[in-house]
Amino acid sequence: EEEPLTAGMIAHRVLERLYAEPPSDDRRPTAASLERWTARASELIEEIGPERLPRERADTAAALRRVEGLVLAFLADEARTSTLFEPDPKFAEARFGFEDSDQPPLRLEGGGVHGQIDRIDIGPAGEALVQDYKSGAKVEGGKGMLEKKGKLQLQLYLLAAREIWGLELAGGLYRPLGGSSD
């Protein structure tokens, strides 16, 4: 169980760095800039990954290679996806409510919530598209998941984007890093 969590953490950190400091003039990979994005992603995986998943061990080296494959496939998918929304570098892993974050907790009746939004993209009219990366094979979502499984993470992130940053919402997405038929 620890290896998938570690692999997911590495993928998140790599994507955070990529979208906070894009390797091209584009805020997201395009067909023309994909090569630069994938090269930088590979560099970041080599910089961040071996500390947690050492290459000297066959099992962790294989896990690190899988992380690289997930990130590179995600970037290729991004380059193929046509959208008017662009990632805003200041909203790459947007933290709120932590002691070391600049933003307060999301205030709810009876207390506050802290969290970290993977990415917020901004549309042409300034509206926000909240994105939550999922590194597992199964991404929970869709009609009835809130009631059936009590999944609130994306909904809380949407509230945080609106209440803490004052963003007008376009919507929210779970973004699987791995392949998914759903």
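Modeller: Not counting residues up to four places away in sequence, glutamate 78 touches Tyr19, Arg28, Pro29, Arg119 and Arg175. The model is a predicted one.

Biologist: In which helix does glutamate 78 lie, and why is glutamate 78 called buried?

Modeller: Glutamate 78 lies in helix H3. Its relative accessible area is 1%, and buried means under 20%, so glutamate 78 counts as buried.

Biologist: Tyr19 and Arg119 are among the residues touched by glutamate 78. Where does the charged end of arginine 119 sit?

Modeller: It sits over the ring of tyrosine 19, 4.3 Å from the centre of that ring. The distance criterion for such an arrangement is within 6 Å of the ring centre. A further case is arginine 95, whose charged end sits over the ring of phenylalanine 98 at 4.2 Å from its centre.

Biologist: How many aromatic pairs does a search of the whole structure find, and what makes the pair of tyrosine 19 and tryptophan 37 tilted?

Modeller: The search finds five aromatic pairs. In the pair of tyrosine 19 and tryptophan 37, the centres are 5.3 Å apart and the planes make an angle of 50 degrees. Pairing requires centres within 6.5 Å, while planes under 30 degrees apart count as stacked and over 60 as edge-to-face. The pair is accordingly classed as tilted.

Biologist: Why can this pair be said to tie parts of the chain together?

Modeller: Tyrosine 19 belongs to helix H1 (residues 2-20) and tryptophan 37 to helix H2 (residues 34-52), so the pair ties together parts 18 residues apart in sequence. Both tyrosine 19 and tryptophan 37 are buried.

Biologist: Why is the pair of phenylalanine 96 and tyrosine 157 called edge-to-face?

Modeller: The ring centres of phenylalanine 96 and tyrosine 157 are 6.4 Å apart and the planes stand at 90 degrees, so the pair is edge-to-face. The cut-offs concerned are centres within 6.5 Å and planes over 60 degrees apart. Because phenylalanine 96 is in strand S1 (residues 86-96) and tyrosine 157 in helix H5 (residues 153-163), the pair ties together parts that are 61 residues apart in sequence.

Biologist: Are phenylalanine 96 and tyrosine 157 buried or exposed?

Modeller: Phenylalanine 96 has 1% relative accessibility and therefore counts as buried. Tyrosine 157, at 8%, also counts as buried.

Biologist: What makes strand S4 largely enclosed by the rest of the structure?

Modeller: S4 (residues 115-122) has eight residues, of which seven are buried, so the strand is largely enclosed.

Biologist: Which strands pair with S4 in the antiparallel sense?

Modeller: S1 pairs with S4 over six bridges, and strand S5 (residues 128-134) pairs with S4 over four. Two strands count as paired from at least two bridges. Alanine 94 stands opposite isoleucine 117 in S4, and arginine 119 stands opposite glutamine 131 in S5. The hairpin of S4 and S5 has five residues between the strands, and there glycine 126 takes a positive phi near 90 degrees.

Biologist: How do you know that the span of H2 agrees with expectation?

Modeller: The 19 residues of H2 should span 27 Å at 1.5 Å a residue, and the end C-alpha atoms are 26 Å apart, which agrees. H2 does bend by about 30 degrees at glutamate 46, and proline 50 follows within four residues.

Biologist: Which residues of H2 are buried, and what covers them?

Modeller: Trp37, Ala41, Leu44, Ile45, Ile48 and Gly49 are buried in H2. Their cover includes H1 and helix H3 (58-80). The buried residues of H1, in turn, pack against H2, H3, S1, S4 and S5.

Biologist: Why does threonine 6 count as buried?

Modeller: Threonine 6 has a relative accessible area of 14%; the limit is under 20%, so threonine 6 is buried. Threonine 6 is placed in helix H1 and, leaving aside neighbours within four places in sequence, is in contact with Arg52 and Leu53.

Biologist: How many helices and strands does the chain have?

Modeller: The chain has five helices and six strands, in the order α-α-α-β-β-β-β-β-α-α-β along the sequence. Of its 182 residues, 39% count as buried.

Terms used:
Residues numbered from 1 in each chain as written. Predicted model: local features only at pLDDT ≥ 70, side-chain atom pairs only at ≥ 80, totals over all residues. Heavy atoms only, no water. Phe/Tyr/Trp six-rings, centres within 6.5 Å; stacked < 30°, edge-to-face > 60°. Helix = DSSP H or I, 4+ residues; strand = E, 2+ residues; numbered from the N terminus. Buried < 20%, exposed > 50% of the residue type's maximum accessible area, 1.4 Å probe, protein only. Lys NZ or Arg CZ within 6 Å of the ring centre and 35° of its normal. Expected span 1.5 Å × (residues − 1). Bend = angle between axes of the 7 residues up to and from the residue. Contact = heavy atoms within 4.5 Å.
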